[in-house]
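Here are my notes for a colleague opening this structure for the first time. Please read them with the model in view.

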Amino acid sequence: MTDREDDDAPAKVLGSEPGLGVAAVVLKVFIAVVLFALMVLTCVDVVGRYVFTAPVPGASELTQFGMGLLIFGALPLVTVRREHVNIELLSLIAGDRSKGLQSVVMEATSLIALALMSWQLWMRGLGLMRYSDSSIYLGIPLAPMAFFMSVMSGLAVVALLITLFGRRR
């Protein structure tokens, strides 16, 4: 469990999230579809490999792309819900009085890290696009994935800013 203010509120499954609105619903459906596709791919690949001695060609690459879509697609949702992994080392030393300081430091660190990640992924995408880089086996272009990851990181920054300013009022 996290120690957020809204722990008593019912969890939203498909509804919008504060700071993301309708984009949250779209992301949740997108994540569910990607996760289902990864599950089907893995099952078909395992059955094909061990029963028919015919694995799915490029299954490893497809799984890597799927994991990138899954992780970065969920990033804005994890950010807006404040569900990142949080190690409370400072509270072990200073006790509960450090929670406010720790929260400010973690939120500032998250903002900076996500913004830098978004920028660097965008720059990486431009480089991948310039050289027409693609995956080795299936030849899937890599630039769109880098741009997707950049946009999702940027959306996480926006969601965090909206959440922070909404909570500070």
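1. Arg49 and Asp45 sit four residues apart in helix H1 (residues 22–50), so about one helical turn separates them. Helices here are DSSP runs of H or I with at least four residues, numbered from the N terminus. Their side chains meet in a salt bridge, 3.0 Å from N to O. The term means a side-chain nitrogen of Lys or Arg within 4 Å of a carboxyl oxygen of Asp or Glu.

2. This is a predicted model: local features need pLDDT of at least 70, side-chain atom pairs count only at pLDDT 80 or more, and totals for chains, interfaces and linings use all residues. Residues are numbered from 1 along each chain as its sequence is written, and side-chain values use heavy atoms, leaving out hydrogens and water.

3. Asp45 is buried, at 11% relative accessibility. Arg49 is partly exposed, at 37%. Buried means under 20% relative accessible area, exposed over 50%, and partly exposed in between (1.4 Å probe, protein chains only).

4. How many salt bridges does a search of the whole structure find? It finds two. Arg82 forms one with Glu107, with the closest N and O atoms 3.7 Å apart. Arg82 lies in the loop between helix H2 (59–80) and helix H3 (89–94), and Glu107 in helix H4, so the pair ties together parts 25 residues apart in sequence. Glu107 is buried at 7% relative accessibility; Arg82 is partly exposed at 27%.

5. Helix H4 covers residues 99–130, 32 residues in total. Its buried residues include Leu111, Leu114 and Leu121. Trp122 also lies in H4 and is partly exposed, at 40% relative accessibility.

Notes: Helices (H or I, at least four residues) and strands (E, at least two) are DSSP runs, numbered from the N terminus. The expected span of a helix is 1.5 Å times one less than its number of residues.
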